[in-house]
Structure formats: C-alpha cells, structure tokens
Amino acid sequence: MCGIVAAAARREVSEILLEGLRRLEYRGYDSAGMALIDDEFDLKIHKRKGKVAELEKAQLKQPYHGNTGVAHTRWATHGEPSGVNAHPHISGLRVALVHNGIIENHAALRAELIEDGYEIASATDTEVIVHLLHRSLAIGGSLLQAMQKTVVKLEGAYALAAVDIENPDTVVGARTGSPLVVGVGIGENFLASDTMALRQVTDRFIYLEEADLVCITPDSLEVYNADGSKVQRQVERIKEGLETTDLGNFDHYMIKEIFEQPEALEATFGGAINAEKVENHFGDDAPALFDQVKQVQIVACGTSYHAGLVARYWLEEIAGVSCDVEVASEFRYRKRVQHKGTLLVVISQSGETADTLAALRNATADEFIGSLVVSNVDNSSLVRECDLVFLTRAGIEIGVASTKAFTTQLVALLMLTLVLGRRRGLPDSRQRDIIAALQSLPECVRETLELNESIQRLSEAFIPKRHALFLARGIQYPIAMEGALKLKEISYIHAEAYPAGELKHGPLALVDSDMPVVAVAPNDELLEKLKSNLEEVRSRGGELFVFADTEAGFANEARVKILPVPNCPEVIRPIVYTVALQLLSYHVALQKGTDVDKPRNLAKSVTVE
Ligand code: M6R
C-alpha cells in the first residue's frame, strides 16, 4: 500500500527521500512522487506513474534539491494510477501533502472547497486535504495549527505529511488509522510509514499513537495528542541486523524467503524443550489469561486467515478447544454472539492490516477475555494493542506473497495449541511428540527445498493454463487454499481450492483435459477418500499433479505426475506441504514472466479496508 517518507534536515534530502521510497517499494504501489522546498523557497515536484525508477529518471533529467520534503508511493484507490493522481498534491503553489489511507467524506469536502473557489485537479480523495490545509493557512497560523484544524474535518483513515513554503524547515504529520513513525536524527528528523524507509539514516524511532500529530524541524520534534496537548512518546532503538534486504544469490525476494524458512521456523520455535518453555514465548501475562480460555476466535485476512484455518484443526483435535475462524472484513461488521471465555486471536504478518485492526478495536471486553496477536512486526499497531503478543521470527518479508511469515505463523499456532492442550490434559507423551516434531521441522523443510528443481520441471505444465484446481481433505484443505492463493497472486492463473469431498457437488463440472488439478495428498486417515476423488478427476480427463509422501502409494502414470514430499511427522505436514506449493507458484510465475515480488494490484501491508 501507499508509502510515506518525509525529511526536515540541515542537508539536502532528495536522495534520502528517493532511497526511502525504494525501501518502501515492497509494500506495493503504482505511482510515485516527491516535493522539495528549494533554496528559493519554491515547491519543486516530480510525480510519475509506475516505478520509483521513473521518478529517479525525472530527478536525473531535472534535478531538484532542498532540505525539506515529502515523498510518496501511491497504491491507487480513488482515481487511476497516473501522474495527476500521484502524490504529493499541492494547493496554491504553497503547500504539498502526501497521504496514506482513505478519506470517506471526501465528496462532501470536495463540494465545500469548490464552493470556496478551489479547483480540484485529481480524482483522489487526498487532494481535499491539501486544500483544507491551504485554506486554514491562508487565514493565519502555523502549519501545525492548520493541520490540527484540518484533521478534525476528516472522516476515515490517514497518515499525512505536509510541507509549506512559508514554514520552510518544517514537516507536519498526523495519523489516525494508518501507521506513521518518526525517525529521530541529529540535526535532522524524518517521518515515514514504516521504519524500513529510514534505516539508512537512523535507528531511533517514535511510533506515533492513534490521533497523534507531529511537527518536525532539523532540531526539534514535538508530538501532540488528539486534545492538542503536547505529549512525550518513547524513542525506541531498533536493533541492527534484524532486517536485511540484501538479495544475496537469489533472483527474487520470494525465493530467498522460501529458502530462509528452516532458520525462520527454528528461530520462531526457539528450541523449547517442554510445553512450559513454549508458554514463555507468549509473555508474562499469558498463563493467567490462558487459564481462562474455553474457546478461541481467530480473525485474520488472506494468507494469515489460512493459518487460522489450519490452527482450528490443531486446536480442536489436539487441544480440545473449540475454535472459530473468520476473515476480518466480515467479522468486523457482523453482529456476533460470542461464548463466555473466548480468547480473540488476531493473525497478521504486518500487524497493520486495516480490517484486522478494526476487528480488534471493535471487539469488546464483554465478548472476549483478552486478545493475542501473532505477528512478524514488532511495534506494529496490532502488537501494541493486543493483550498478548507472539512475535514470529521470520525476519523481514519483502515479497508481497507471504511465505516464511505464513509458515512461522503456523509454528506459533501449533505452540498455542500445545499450551492450551496442556491445560486440558493433553498427555505428556503427545506434548513430547509435538515438540519433537517441531524440532524436526527445519530439517524436513530443508529436504523439501531440495525438490526445487523437480518442482520447476513440474511447473512447466502450468504455463499455458488459465485455471487450476487444488484439492485436499482435512487439515490440508487450508494448505490447498494457500497454494491456490499463492498461484493466483503471483502467476495470475485463476486457482481455486476445494475440499476434495465437495468435488462432485459442483467443481467436477470444470474438469477436462485443460484443467490441471493439484492434490495435497499425504498418507493420513483421509488418503483413501482423497484417492477416490482423484479417480473421479482422472476418469474425466483431468491432469493430476499429486504432492504426496512416498508412503501414500501413488505412482507416475499417464496424466498423473507425482511430486514426492519427504515423510515427516503428521502434525507438521501442513507446513512441509506448504513449502512445496510455494515453490510451485514461484516457478510458474517465473516462467510466465510476472513481477514475482510485486504482483500487480497487490500490496504488502494492506492499511486501508
Ligand atoms: O499482514 P497480514 O498478514 O495481515 O496480511 C493479510 C493479507 O493481506 C496477506 O496475507 C495477503 O493475502 C498476502 N499477499 C498473501 O500472500
């Protein structure tokens, strides 16, 4: 989604802003722009549709310089991706502003501004904000005061950064519903939508709170809360080494991140030797809350939702805890009946997903005994707002298609299953088996990664296809859903997952020689049922690609290709099979020539609903 970088410094900042935008590219965007206040106190602006590289070319051709500026990558919501709709937006050749989020009352504000004589050049919801700022500044007062008066008129979600040629060393920011951090420097201060954008200039950050406003100059930094009172917010130092964005020998972040999974899984599990040690990962307040848990309600989006669906099987089968799972965009708007003793579990790799955050915020103490977040980003909004936090140790994930963040979420959720199961009398021997399985997981994943070349060969059959069906049963069904999501996300092949038992209730009508059918088929108690379903596909001319362990008894034959997945303990198989399906979608996308790490229309951090 959109990204913000802003700077107020004693040195020239154009390159800092551009580097910040490059570092935000992973979030997904379709245009970029930058505004600087130059030596003559003029606003200088470049805006381009497309990649940050286009903006760089514009800056190379016509260099603009300044010590104060704002920059932005835009992911279009209102108005097509274009130079005109790209941010920064300006008003009266005086104020420039960038915005993440959505202004819901933009139409009413637009009408009001037009009546006041403002011309609105773009189709965006953002442009109204800059004219409101300008209108307020024209009456008098500082940029900060103008921003204070402006934000009270806005409905919706926003992170904002603005500059004004009459206050040439100042940047003012505000946030409600979208994240904004302050990067603290010496003789310079910055704003950005996430810390990644500023790691080249500082390791000290303030995470602004909901409804905060901030005013930075090279030598000062003031934060105000919604009441307009000046407040102190803690400066936090980010540890070195946790975030490496180097591609190394890999061609894409996605494949790099797929191959990083053994270490990420190991780090997330943390080498616990018994269930008590596992519990330490959930923090000091966890035991008291876990003692009260009678049910679990999981809420998440996309891939994280699939992690929740897998967890339901584990929680109900192993821990004996009843569990519901729902996508956040439905959960947040639905009238619900929650049972007593329900723990709300939100899952989000970014910790910023707007719907998941809204679901958490509108969950009441009457409904839930408390909340737990499973996230990969420390200090993210969800992490700051939940009672309990489990931080996965995947390391930064740049590829838009989530890979190691998903499998580490699964480890976290299996650990949750273990600690809740222990409270409900899960036998010691079963607890030991699960721990042993988790310990063996990195090695099982390493062995699965050795299939890379075989999967690459298998993937060739998918290149001419427009559709694909994924089938599985039981706990592997959400893994089939995840496999289908990965394929459609990055290769743009339409893919759907079905529980194999549903085949003859509709999807079988789609099966012909043109429909590749991927089956996730480990040797488990549902295997024979699944085999019958696959026979139904074969007898209708469908082409099968079966991911199965050697004990599942499949053999290569006409129109049936087998991908042998290493044997591993049953409880961790969802994670192991996921890795094989990730490789499949990566290789299909690679051969189709799509932008693997930044698929069209998608964003890494979905901060608007
Ligand atoms: O950051 P989150 O885990 O909350 O994100 C949720 C989804 O947007 C995300 O999982 C999305 O589906 C990914 N692109 C999947 O690869």
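In this predicted model, the centres of domain 2 and domain 3, taken over C-alpha atoms, are separated by 24 Å. These two belong to a protein that is divided into domain 1 (3–237), domain 2 (248–445) and domain 3 (450–609). The size of an interface is often given as the accessible area lost when the parts come together. Between domain 2 and domain 3 the buried area is about 3400 Å², and carbon and sulfur atoms give 69% of it. Of the area that domain 2 buries against domain 3, M254, Y313 and V400 supply 18%, which is more than any other three residues.

The polar side of this interface can be described as well. Between domain 2 and domain 3 there are 16 residue pairs in polar contact.

Helix α12 is mostly covered, since 7 of its 8 residues are buried, among them D355, T356 and L357. The buried residues of α12 pack against β16 (295–300), α11 (328–331), β18 (342–348), β19 (370–375) and α13 (381–385). In helix α14 lies Q409, which counts as buried because its relative accessibility is 1%, and which touches, beyond its neighbours up to four places away in sequence, T303, S304, A307, I347, S348, Q349, V374 and T392. Helix α15 holds I434, which is buried because its relative accessible area is 0%. Leaving out residues up to four places away in sequence, I434 touches I318, L414, L418 and L426.

Side chains of opposite charge can pair when their charged atoms come close, and the structure holds 41 salt bridges. Because E443 and R446 are 3 residues apart in helix α15, about one helical turn separates them. Both count as partly exposed, E443 at 41% relative accessibility and R446 at 31%.

Other pairs join parts of the chain that are further along in sequence. K504 forms a salt bridge with E536, with 3.0 Å between the closest N and O atoms. K504 lies in the loop between β22 (494–499) and β23 (516–520) while E536 lies in helix α18 (residues 527–538), so the pair ties together parts that are 32 residues apart in sequence. K504 is exposed, with a relative accessible area of 52%, whereas E536 is buried, with 16%. R10 forms a salt bridge with D219, their closest N and O atoms being 2.4 Å apart, and this pair links distant parts of the chain, 209 residues apart, with R10 in the loop between β1 (3–9) and α1 (14–24) and D219 in the loop between β12 (213–216) and β13 (221–224). Finally, E15, E19, R22, R23 and E56 are linked in a network of salt bridges.

Definitions and conventions:
Residues numbered from 1 in each chain as written. Predicted model: local features only at pLDDT ≥ 70, side-chain atom pairs only at ≥ 80, totals over all residues. Heavy atoms only, no water. Domains from an automatic or database assignment. Buried area = accessible area lost by both parts, 1.4 Å probe. Polar contact = N/O pair within 3.5 Å; in protein donor to acceptor, adjacent residues only side chain to side chain. Helix = DSSP H or I, 4+ residues; strand = E, 2+ residues; numbered from the N terminus. Buried < 20%, exposed > 50% of the residue type's maximum accessible area, 1.4 Å probe, protein only. Contact = heavy atoms within 4.5 Å. Salt bridge = Lys/Arg side-chain N within 4 Å of Asp/Glu carboxyl O.
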